[in-house]
Amino acid sequence: KEAKETKPDELPLFGKEFVNSLQFLKMASVYIGNYETYLSRISEMLAHDASYEKAIRKAKDKVLHDKRFDNIIMIHPLSFYLITPIQRIPRYELLIRDMLRDVGKDFPDLEQLKKAYIQAKESAKGVNVLKMQLEENDKMSMVREMIKGKLRMGVSVTRKFVCCGGVYVIENMNTPPNKMVFLFLFNDVLLETIPTKIDGRPVEFVNVESYKKAFESLSTKTDIKSFDGCEFELLREFPFTFGNCVFKPINETNEVKHVFSALLREYKVIRNVEKDFPILVKYATSSDEEKEVWKCVINDQIRYNNDIRINKENIEKSKEGMVESELSRQESIRQRTQSLALPGGVEKAELNHSTTSASFKILPKTQKAFSIQNVSQVPGTLITSGNVISAIIKNLKEFGEQKEKKSDDQLFAEIDNKTMSEKDCEHYKRVVKEMTESEKVHVRGLEILKDVYLTPITKSSIADSVAFAKSIIVQVDTIIGVHKKFLNMMENAETTANSGELPLLGANFTKNIQFLKMAATYISKYSVYLTGLTDIMNKEKDVVKMQNKAKQDYLKGHEGAKVEMISFYLITPIQRIPRYELLIRDMLRDVGKDFPDLEQLKKAYLDAKESGKGVNQTRMHIEENEKMSIIQRAILNFPNFENLSSRKFICGGPVYIIANMIEKPTQLCYIFLFNDMLVQTKVVKMNGKSVKEGTEDALMKELSEITDVEGLNKITFEYINAFYIQGSSKLMPQNDTLQVSNVVMFMAFQKMKKDGDETNPFIMIKYSTMTEDEKEAWKSVLNDQILSMKEKEEKMKKVQEKVENTVEIISSAPTEKKTHTKSFDKSCVKYIAHEVGNLVQSSGPIVSVVRNLQDEYDHPEFDDEKFFREIETKEMNEEDVKHLGSVIRDMRTNENAHMLSLVTLKEVYFNSIVKHVNKDYLNVINEVMSQIDVMTSTHQKFLYMFEKAKILFEKGEFPLMGDDFYKNLQFLKMEMAYVTNYNNYLKMMGELEKDTSVVKQWNKAKESYSQTMKEESHPYEYYMIRPIVQASKYEAYLKVLLSDSGNNSEDSVDLKRAYIEAKHISRNVNSMKALAEEGTKFLTVREAIIGDFSNDMTGARKFLCSGPLFIVEKVMEPPKKWMYFFLFNDRLVETIPELYEGKPVKDMLDAFSKLRVIKQVDELKSWKFRITKEFVFNLDVELVNVQQEETVCKHQIVIKSSQIPYRFSSSTLLECDVWISLIFDQLEKIRKNEKAKLKRRNAVNLESERKIFKETLGSFDLANPPPLPKKPRALDSK
């Protein structure tokens, strides 16, 4: 397109388009990674079913006779086309390189073309790495099949083929050599073989001519694939893994030329003992160049194995230096991996291998002293792609270097020391233009997501799908608004750049980046959105049809546009935010110390970097949760371990369990490492098929090829055991042996550490990994977790010592003797209500109650007094006044929309059906319409107030709304009748929805509404909830108005009064709605429970929460039995599930898994529970403190009733905290009520005593007291 549009006398500018298009090549990585699988599986399909070939032939004929494909003369085999995506990507590097050779410094597109070349080169590197990996696997398989004979070293999964070729064996330096052997060099062994078959024809050893022709034929083969049909017999093997392998100098003679000699190790059996012995081997080649190459590649493998062996010896000698040595080895492996990842040819002589930054030095042929011609800096990286010796000779030419990315400090230092050149200014402007174009594309993509994919779902017949899509649209609208701010900023900057000036974007970037935080909700729910939308599109065909129509309409209205899959657009908000960091960094590279906006641009860059980190952390958190879910689903019989909420998955992989160091390990297992434990599992199913014995090696390879956690979805594991990691755990040194390699040994514990428990037995665990790299990685991650646990234990120890010292000081101080009680420690309660007995505002299953309490705990109540003090200490400025205007406009718009929703609710859903319902329904509908009229009248007053304020503000006058707001809020109280009956009205609408005649009238009214209002109507639930939602909005509006005011505002006092009133109304509305909902929930719960309550004297019973709890019988054993509990304000009811969907419950484990995840009370309608026990709350019932860490059974809740303790256990610590908090709240309320009763009773008794005392004193005159009684006379004798 660019070439066609370019004028004849101009050059096409491809750079920018190349840069944009090359990004999409990453999407081919999955295809490239699975190429080998695709090829083999399709080949199997074609071989298995002849109908495929028939269909392919038919398709070929159709294409060849189609006029659209006139340029196609013939169709190649399938393999020709399957490989083309892999071959094409590196081609772009060569094409752009050819273009760069033709351009010069005067070419306007030079910088973009350079950037495109670098990107194309990076893309080619990734492809070549995958391509090489596939080819290396093929080569290794071919070579191993050709060599007949059992290796005494055994099969090693880390073995890599290097090269092969024919040489003469030297037996005497004075006679010409006549015995030839064929060498196969691997990275750990050199094999000496003789050919037995060449191209399918057997070789006759006794016939000298036949033997000679065989080697002549082998010398003509240029790649390993040409060896197909050849077989070789193994003669000797020389391993490099034991060290002591060195080259020995040797002089040529007149009879023997091009000779080299080496002292190697050979396996021999002497007196039934298998051992390696030193042996001096001498070989001669056909040319001096070939001799030098053999010396180079053999020496490289010797050095590589020596390096591994020396590292292992160093680890054994110094335990203190173990970590440092491990890190050194990791760095060596990292460099080697980078080197292996560089591009290299396989069959073509012109492709060069890049390995390390070392250079080759070819020695003169006349030099007789022993030397190594080609030496790489990192051993083992000289050959990056194994091949025959002839190809190796051609490919040892070039090495590449990799530049490290500059740090921010280095970048800033460079900027502070340079000034901008004219070239920098031009590039800066080009970056701004590129940034603008990419932002336009991003905004356009978001609009496609909304208009093509989401909006059609809102027309679905399923209410849940509509609500789900609308919730996403709200988030997408917010994100579009944010990025339109960026686009507006960038378009202004581009206009400035076009006028010849440098745009200053720093301050605006810093300001707009803050709005990116508004995308946090979308990012956190991305996985939910993707899964939900995929389900909707899979289940609802009508939605897909509407989406296809919307797609066609969009393409008609946007010529040349392209619509991708929905997943492409859903991910873009997450991908875009980190992109700003790269764009601003590009701008910073062009500026200097003379740039006026330098400091602001630096600040914008750091802010963008921080935003990108936040996105990545949120995404990572989502992914970690998904990974934990995948792992728990994949493992059968996975125990319910404690500390689940704080557990984090680190890594997983296949290993062999080492029984001893003499025999080769065969028991394969798959281990999962967490931050505090290691779980050992067994693979029982792979791709839905049971794993058979004897397939461990193939299974090990297949498991090792899994590239991400999602690959575990096709595998089923069976739990074996678990080992715990503590600070005292250790990584232990262990040498490899002949049969056991890549050993990882560490000390772990069989149970979790307990305070004061000295009997925790440790265990030594030994695993063998597939590769050296895997071993080093496992050691690194294990060591990391051990150090982390050690640090945690040290911190806990310091805290404990501090507490003990404090207790000791307090106990030693002189104090009064106190009587200690055994009452429940209130400090153990995590959640405490402001008012006793009101901890739960919204009852439900334990999962939802936990979430609600946690939200309240994380977001405490807003402090109004502090807010008012802040207003009194600030002055209203111009920015506040400007913002006030936008708030007034928002309030007016919102009020207008609310008025419209009230009219819609009345006319569409109520007035339209008055003639089609019975008398009972008609009375309720008339009542609702009457209340809607009242609400409409009320909100007309609000709308008039906002209209008046808007007019005043536009005239430049300051609107005083506080007093009018307060007066109008009084009318809102008239809506309480609607709020109280909201649930009843909603239930009535649900019943009417079942009547087809009513639905018909609704649809008719909706069509009329759509034609009149030019917009789609919503379901009735949307309009019915609006009055309740609207009543709560005024509090938020007044809060914003107060935030914009100050001590210089005349309206601040009235606004405060209105804000307090609005907050009071909002609470009343929410409380009344919640009260109605709680009544419905109680009825649902009571219907689910079979049987009557004992001592049922409470008329105002309230349901709080429900959930499964384990019954603890022995504290030193994990509980097994569980029951389902219902908590009310006066009792805790223990029940057993009896029916589910009308059928008896037989599988209690399945029942537990279903009840465990229930989130709404309505889900309990499918269940029936029978009462087994009740715990009625009174003064004799109390909670008991539990030392959770002293028992095997965790998360305990202990209730003592009539001095008898009852123990329960919850699944998580969070649930345990909630159960304890709720029970404590109810017990405290009972105690408070009892105290209040006692106080009233005492008050009544005191009043009675005062009355009696007054009456007694009333007949007694203190001024004239009665005479004292006379002294009694003595009794006479009678």
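Trainee: What makes Phe-868 count as buried?

Mentor: Buried means under 20% relative accessible area, with exposed over 50% and partly exposed in between (1.4 Å probe, protein chains only). Phe-868 has 14% relative accessibility, so Phe-868 counts as buried. Phe-867 is at 7%, so that residue counts as buried too. Before we go on: this is a predicted model, where local features need pLDDT of at least 70 and side-chain atom pairs count only at pLDDT 80 or more, while totals for chains, interfaces and linings use all residues. Residues are numbered from 1 along each chain as its sequence is written, and side-chain values use heavy atoms, with hydrogens and water left out.

Trainee: How many aromatic pairs turn up in the whole structure?

Mentor: The search finds 53. Rings of Phe, Tyr and Trp (its six-membered ring) pair if their centres lie within 6.5 Å; planes under 30 degrees apart are stacked, over 60 edge-to-face, and the rest tilted.

Trainee: Why is the pair of Phe-412 and Tyr-605 called edge-to-face?

Mentor: Their centres are 6.2 Å apart, and the planes stand at 85°. That angle is over 60, so edge-to-face is the label. Phe-412 lies in helix H13 and Tyr-605 in helix H22, so the pair ties together parts that are 193 residues apart in sequence. Helices here are DSSP runs (H or I, at least four residues), numbered from the N terminus. Both Phe-412 and Tyr-605 are buried.

Trainee: And why is the pair of Phe-867 and Phe-868 tilted?

Mentor: The ring centres are 6.0 Å apart and the planes sit at 35°, so the pair is tilted. Ring pairs also build a cluster, linking Phe-649, Tyr-670, Phe-672, Phe-674 and Phe-717.

Trainee: On to helices: why is H14 called roughly antiparallel to H15?

Mentor: Axes are lines fitted to C-alpha atoms, for helices over the stretch in contact, and angles run from 0 to 180 degrees between N-to-C directions. Under 35 degrees is roughly parallel, over 145 roughly antiparallel, 65 to 115 roughly perpendicular, and the rest oblique. The axes of H14 (residues 422-454) and H15 (residues 463-498) come within 9 Å and cross at roughly 155°. That makes H14 roughly antiparallel to H15.

Trainee: What about H29 and H33, at what angle do they cross?

Mentor: They cross at roughly 170°, with axes coming within 13 Å. That makes H29 roughly antiparallel to H33.

Key. Helices (H or I, at least four residues) and strands (E, at least two) are DSSP runs, numbered from the N terminus.
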